[in-house]
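Let's take a walk through a protein together. Have a look at the picture first, and then we'll go through it piece by piece.

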Amino acid sequence: MTDDLAARAVALDAADPLAGYRDRFLPAPGVQAYLDGNSLGKPLAETAARMDRFIRAEWGTRLIRGWDEAWLEWPGRIGDRLGSLALGAAPGQTVVADSTTVLIYKLARAAVDARPGRREVVLDTDNFPTDRYVLEGIAAERGLTLRWIETDPLTGVHPAQVADVVGPQTALVLFSHVAYRSGWIADVPAITRIAHEAGALAMWDVCHSAGSVPIELDAWEVDLAVGCSYKYLNGGPGAPAFAYLRSGLQDELRQPIRGWMGHRAAFEMGHGHEYAPGIRALLSGTPPILAMVPLEAGLDLLAEAGVEAVRAKSTLLTGYVLDIADEWLAPLGVTVASPRDPARRGGHVTLSRPGFGDLLQPLWDDGVIPDYRRPDGLRIGLAPLSTSFAEVHQGLSRLRDLA
Ligand SMILES: *Cc1c(COP(=O)(O)O)cnc(C)c1O
């Protein structure tokens, strides 16, 4: 019975045009199957060498001169690169800075302040916790009302649900492109259009799609977006996040953390804050240069592979997980808590059964590393550049044995 699925893994790996990229990552001794690349991407071998080189040749020798010579431009330079490779964003609209949480605050506060007559923000119950918490804080600060859409945790937010709640009071809507639990891909262009027709701004969290699912922020007419770089972009634990602000809004939206790095003339050190022109106004303090070095290596890899090829393999990987789930795991009472339609399914699959949380530790002990999401979901994350079909087969056969 298992032979068929094992043979398929062999055939899929043999036909995989991205197979060679696995060797570019550092080996993880003892790890049989890394099924959590959507929470923390693996390090590239190249990253260690680049960090060493940066520390010795740039930080170590350029010292403070490094700021004037290059580093001040990194947030916008790497932002532009990320925008063109992964976000469908023309230059001058993306910066790398802060964390996703902080950028959600900065952008969402700027957005609601730019729509002062409107008293409501629309969000959904299944969005990532930090997104919900930050909006709760902004609502409390500004006396706004949150309008919650109850999302089906097996799918995600649908355009009709958004159309039902937006209206003349809506200042902002915020959703995730790919739902962190189910992997549902929201219809960004349709929902953005609905928000715009109501006169609201549309903001998207692309943490779970950047580097995995193609994104077209410009073409979809998205107003604002945020995402993190330590998931599919392999930037490393706590790597800086990125923010996108559509060029037409850059003079209108004003983020609230007015630091010197977002000042028109940071080094004049003058009285009173004046926003820098363009996307740079989103910066607050000194950019995390050291932490951008691994991200550049991740972006180089993505540039080489191409996001379309990554997405093609991702769809095959998640499809293979569904086949295994149907054949091996469904008879054991496991259900699939992710979309079956590949067009609506992102880069991970959640498998669910009461008590699944108890399996996490024994799986980790065996070097099989999925993620756990309450109440009873095991999330199988599949980073296409670092994951093989054989690895998925091996990891899920261990799950089957323990289930
Ligand atoms: C991972 C993730 C975050 C993380 O935010 P941090 O500030 O980096 O902790 C936020 N939103 C979504 C949707 C995520 O998946």
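What follows goes from the domains to the core and then to some individual residues.

A bit of housekeeping comes before that. This is a predicted model, so local features need pLDDT of at least 70 and side-chain atom pairs count only at pLDDT 80 or more, while totals for chains, interfaces and linings use all residues. Residues are numbered from 1 along each chain as its sequence is written, and side-chain values use heavy atoms, with hydrogens and water left out.

Start with the domains. At the place where the domains meet, 33 residues of domain 1 are in contact with 28 residues of domain 2 (contact means heavy atoms within 4.5 Å).

How much area do domain 1 and domain 2 bury between them? It comes to about 2400 Å², with 60% of it on carbon and sulfur atoms. Buried area here is the accessible area (1.4 Å probe) that two parts lose on being put together, summed over both. On the side of domain 1, Leu44, Val307 and Arg344 lose the most area to domain 2, together 24% of what that side buries.

Now for the polar side of that interface. The rule finds zero salt bridges across it, a salt bridge being a side-chain nitrogen of Lys or Arg within 4 Å of a carboxyl oxygen of Asp or Glu. It does find 15 residue pairs in polar contact there, both residues at pLDDT 80 or more. A polar contact is a pair of N or O atoms within 3.5 Å; within protein, one must be able to donate a hydrogen and the other to accept it, and residues adjacent in sequence count only if both atoms are side-chain atoms. Helix H10 (307-329) and strand E10 (348-352) are the elements that give two or more residues to the side of domain 1 that touches domain 2, and H10 supplies the largest share of that side, five residues. Helices (H or I, at least four residues) and strands (E, at least two) are DSSP runs, numbered from the N terminus.

Next, the inside. The largest nonpolar core has 90 residues, and Leu87 and Leu172 touch the most other members. Domain 1 and domain 2 both give residues to this core, so it lies between them. A second, separate core has 28 residues, including Leu5, Leu329, Phe356 and Phe389. A nonpolar core is a set of buried Ala, Val, Leu, Ile, Met, Phe, Trp, Tyr and Cys residues joined through side-chain atoms within 4.5 Å, and buried means under 20% relative accessible area, with exposed over 50% and partly exposed in between (1.4 Å probe, protein chains only). Beyond residues up to four places away in sequence, Leu172 touches a set that includes Ala108, Val122 and Leu224.

Leu87 turns up again among the contacts of Thr94, along with Pro75, Phe242 and Ile279, once neighbours within four places in sequence are left aside. Thr94 lies in strand E2 (residues 94-97) and, at 1% relative accessibility, counts as buried.

Back to salt bridges: how many are there in the whole structure? The search finds 27. In one of them, the side chains of Arg50 and Asp300 meet at 2.5 Å, N to O. Arg50 is in helix H2 (residues 45-62) and Asp300 in helix H9 (residues 293-305), so the pair links distant parts of the chain, 250 residues apart. Arg50 is buried, with a relative accessible area of 16%, whereas Asp300 is partly exposed at 27%. Both belong to a network of salt bridges that also links Glu46, Arg53, Arg77, Arg81 and Glu296.

Another salt bridge joins the side chains of Arg109 and Glu141 (2.8 Å, N to O). Arg109 lies in helix H5 (residues 100-113) and Glu141 in helix H6 (residues 129-142), so the pair ties together parts that are 32 residues apart in sequence. Arg109 counts as buried at 12% relative accessibility, while Glu141 is partly exposed at 43%.

Finish with Lys313, which is found in helix H10. Is Lys313 buried or exposed? Lys313 is buried, with a relative accessible area of 4%. A polar contact of 2.7 Å joins its side chain to that of Asp16.

Technical notes
Domains from an automatic or database assignment.
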